[in-house]
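Good morning, everyone. Please have the sequence and the model open while I talk. I'll go through a few spots one by one.

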Amino acid sequence: MKVRESGMRDEEHWSTFFEPELMLVEMGCHGPLNVLEFGCGYGDFTVAAARLIDGTIFSNDIEHAIVERTLQRAKDQRLTNIVAEVLDFSVDGSGRPDQSIDFVVLFDILHIDHPHLLLREAYRVLQPTGKLGLIHWKWDSNTPRGPSMEIRPKPEKCRLWSENEGFVLDQMHDFTCCKWHWGMVFQKPAK
């Protein structure tokens, strides 16, 4: 199932809205981690994460062309720690084993029809004390892109959804580098 429209434009224009490496470092997504990213988009965060982690980033998207673009960017930059797959996570899950991931990335994706299913899958694959990073467009009609206001989730709603799935809020971010986005980091409790 394709995710509801996110307002993505051409790749060059889209990348002007983010500072992926700065955002990932601020959220703690660096070092010896295995990362899972749902919806790789043009690969901006995928490539940045691959440079910042010592493990593997597993990324997926339902769009074949998007996955191919991400893999091409990885090849161009000689990054060997990216596994990108065409996958419908709403049907097939993530394809990762239970408790096999250190950090899950859900960036600009929680406007999907059933966000609790995605959060539940993130919880399943995360190791105890693993982290969940959320980034989304601010709930402001003046943002230059992003999903329509009718489907754009507010931070309070994303927090409630995440906590309802068992996550505990660890950090909140109002990125100085990226004025159109907010972020949160949650932790999966230790057993």
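Where does Val104 lie? Val104 lies in strand 4. A word on the source before we go on. This is a predicted model, where local features need pLDDT of at least 70 and side-chain atom pairs count only at pLDDT 80 or more, while totals for chains, interfaces and linings use all residues. Residues are numbered from 1 along each chain as its sequence is written, and side-chain values use heavy atoms, with hydrogens and water left out.

Helices and strands here are DSSP runs, numbered from the N terminus: helices are H or I with at least four residues, strands are E with at least two.

Back to Val104. Its relative accessible area is 0%, so Val104 is buried. Buried means under 20% relative accessible area, exposed means over 50%, and partly exposed is in between, using a 1.4 Å probe and protein chains only. What does Val104 touch, not counting residues up to four places away in sequence? The list includes Leu36, Phe38, Ala122, Val125 and Leu126. Touching, or contact, means heavy atoms within 4.5 Å. Now look at Glu37. Val104 and Glu37 are 67 residues apart along the chain, yet their C-alpha atoms are separated by 5.9 Å.

Next, the helix pair. Find helix 2, residues 20–27, and helix 3, residues 44–52. Their axes come within 9 Å and cross at roughly 60°. That makes helix 2 oblique to helix 3. The axes are lines fitted to C-alpha atoms, for helices over the stretch in contact, and angles run from 0 to 180 degrees between N-to-C directions. Under 35 degrees counts as roughly parallel, over 145 as roughly antiparallel, 65 to 115 as roughly perpendicular, and the rest as oblique.

Which residues make the contact? Helix 2 brings Pro20, Glu21, Met23, Leu24 and Val25. Helix 3 brings Asp44, Phe45, Ala48, Ala49, Arg51 and Leu52. By class, that is eight nonpolar, no polar and three charged residues. Nonpolar covers Ala, Val, Leu, Ile, Met, Phe, Trp, Tyr, Cys and Pro; charged covers Asp, Glu, Lys and Arg; the others, Gly among them, are polar.

Stay on helix 3. How many of its nine residues are buried? Eight of them are, and helix 3 is mostly covered. The buried ones are Asp44, Phe45, Thr46, Val47, Ala48, Ala49, Ala50 and Leu52.

Now the cores. A nonpolar core is a set of buried Ala, Val, Leu, Ile, Met, Phe, Trp, Tyr and Cys residues joined through side-chain atoms within 4.5 Å. The largest one has 31 residues, and Leu24, Val35 and Ile82 touch the most other members. Several elements each supply at least two residues of this core, among them helix 2, helix 4 (64–76) and strand 3 (82–86). Helix 3 gives the largest share, six residues. Take Ile82. Leaving aside neighbours within four places in sequence, Ile82 is in contact with Thr46, Val47, Ala50, Ile57 and Ala74. A second, separate core has 22 residues, including Val104, Ile109, Leu119 and Phe167.

Move to Thr70, in helix 4. Thr70 has 0% relative accessibility, so it counts as buried. Beyond four places in sequence, its contacts are Cys40, Gly41, Tyr42, Gly43, Thr46 and Ala84.

Two loops next. Most residues other than glycine have a negative phi. Arg78 is not a glycine, but its phi is positive, about 55°. Arg78 lies in the loop between helix 4 and strand 3. Is Arg78 buried or exposed? At 74% relative accessibility, Arg78 counts as exposed. Thr80 is found in that loop between helix 4 and strand 3 too. Thr80 counts as exposed, at 79% relative accessibility.

Asp108 also has a positive phi of about 55° and is not a glycine. Asp108 lies in the loop between strand 4 and helix 6 (115–125). Asp108 is buried, with a relative accessible area of 11%.

Last stop: His173, in strand 6, residues 168–174. His173 is buried, with a relative accessible area of 10%. Leaving aside neighbours within four places in sequence, His173 is in contact with Glu26, Met27, Trp182, Gly183 and Val185. Thank you, and please ask away.
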